[in-house]
Amino acid sequence: MKDLEPQGTVAVPGPGPIDSLDSLREHLQWAVELEHATLPPYLCALYSLDPEHNPEAVEVVGGVFAEEMLHLALAANLLNAVGGRPRLDMPEMLPPYPRRLPHSDLELSLLPFGPQALEMFLRLEQPASPGAPAEGDGYETIGQFYDAIEQGLRHLCEQLGEREVFCGDPARQVSGSHFRHTAGSLFAVEDLESALGALKEIVEQGEGTARGEVWDGDQDVFHPDRDEVAHYYRFRELQLGRRYRRGDTPQSGPTGEPISVDFAAVHPMRPNPRLSDHAPGSAIRTAQHEFDSTYCTLLHQLEQAFNGDPALLGAAVGTMYALKARADALMLMPDTDGTTAGTTAGPTFGYVPPESRS
């Protein structure tokens, strides 16, 4: 990020504002790629957790993952609304880990749940500082990136009119009837008002309302008697071992009931596993290839769902159950090829071309 630039270098100005429909579509495709990039790290942490020993951590990580899937669908709705075409089933979606968050300097890794993973998630969900500038590229926080999209949408609607901007086929929108397991809302995007609502949903679930609040404006899907905490602050709860309660602020930290996290009851997955770590034909490499094939099938189903066949979201849910079964099997396989003793295998999230998928 900017404060990490080597001393003596000259910062290169980023691209200009989003001032054309082509630029808007490009940035909304980046939003699809950004939201997808969060999924593999969250899944690895979730797969590594034993639900019996860490039910509260499973609840948090699983809930955040479900809402990131919601954000992915909302980003696809935004792109479809302005005449774009969401793309997911392509090699660029799955570069090797560690990798950068698209158009940012934030590094993402595939890690088991633990302090290192929590630090990464906190950097990922970091709220923007008050008054932080909108940044359409090279952003420091996800909120700043979406601020740039909001500015572009407002500018283009003023210049061209809403009808010209929101020129997409309404039949390509996916809505709440296709998406569950989150307190957030999945709705069609058809005009500036609904587009701004989609951006607000994405940012507030990650950073909190008005960027100064712990809460995201929804009721807690697992605990209806409580307000829901934004992603950043849910990870702070796990890190600090205590829940936020009414009256708590980002400055006060959580002062509510304790949360129990057993960092020892986690599958010790090898960080950033790769196919090349294991010999062709070996049990682990074969299992990793099967996982990758299943994940790429999921990407294909999601792409088709966002491009005119929303019923395929149901099929994607079924594929996710198969994906978890493959990941569970991997994390029970000792990684004898690793340099660190006592680790298990893990999913690689590599791209498999359609003709090579099992």
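What follows is a tutorial on how terms are applied to this predicted model.

Tutor: Residues are numbered from 1 along each chain as its sequence is written, and side-chain values use heavy atoms, leaving out hydrogens and water. In this predicted model, local features need pLDDT of at least 70 and side-chain atom pairs count only at pLDDT 80 or more, while totals for chains, interfaces and linings use all residues.

Student: How many helices and strands does the protein chain have?

Tutor: The protein chain has ten helices and four strands. Both are DSSP runs numbered from the N terminus: helices are H or I with at least four residues, strands are E with at least two. Along the sequence the pattern reads α-α-α-β-β-α-α-α-α-β-β-α-α-α.

Student: Why is Cys-44 called buried?

Tutor: Buried means under 20% relative accessible area, exposed over 50%, partly exposed in between (1.4 Å probe, protein chains only). Cys-44 has 0% relative accessibility, so Cys-44 counts as buried.

Student: What does Cys-167 count as?

Tutor: Its relative accessibility is 42%, so Cys-167 counts as partly exposed.

Student: What makes helix H2 largely enclosed by the rest of the structure?

Tutor: H2 covers residues 39-48, and ten of the ten are buried, so the helix is largely enclosed. Among them are Leu-39, Tyr-42, Leu-46 and Ser-48. For the protein chain of 358 residues, 53% count as buried.

Student: Why are H9 and H10 called roughly antiparallel?

Tutor: Start with the angle. Axes are lines fitted to C-alpha atoms, for helices over the stretch in contact, and angles run from 0 to 180 degrees between N-to-C directions. The axes of H9 (residues 283-305) and H10 (residues 312-330) cross at roughly 165° and come within 9 Å. Angles under 35 degrees count as roughly parallel, over 145 as roughly antiparallel, 65 to 115 as roughly perpendicular and the rest as oblique. H9 and H10 are therefore roughly antiparallel.

Student: Which hand does the crossing of H9 and H10 have?

Tutor: The crossing is left-handed. That term applies if the near helix is turned anticlockwise from the far one by less than a right angle; clockwise gives right-handed.

Student: Which residues of H9 and H10 meet?

Tutor: Contact means heavy atoms within 4.5 Å. Residues of H9 including Phe-291, Tyr-295 and Leu-298 meet residues of H10 including Thr-319, Leu-323 and Arg-326. The residues of this contact divide into 16 nonpolar, five polar and two charged. Ala, Val, Leu, Ile, Met, Phe, Trp, Tyr, Cys and Pro count as nonpolar, Asp, Glu, Lys and Arg as charged, and the others, Gly among them, as polar.

Student: Why are H1 and H5 called roughly antiparallel?

Tutor: The axes of H1 (residues 21-37) and H5 (residues 142-160) cross at roughly 155°, coming within 10 Å. H1 and H5 are therefore roughly antiparallel to each other. H1 passes H5 in a left-handed crossing. The contact includes Leu-24, Trp-30 and Leu-34 of H1, and Phe-145, Ile-149 and Leu-156 of H5. Its residues divide into 13 nonpolar, one polar and one charged.

Student: Where does a cis peptide bond occur, and what is omega?

Tutor: The bond joins Tyr-97 and Pro-98, with omega about 0°. Pro-98 sits in the loop between H3 (55-81) and strand S1 (99-100).

Student: Why is Asn-272 called buried?

Tutor: Its relative accessibility is 18%, so Asn-272 counts as buried. Asn-272 lies in the loop between H8 (231-240) and H9. Its phi is near 45°, positive in a residue other than glycine.
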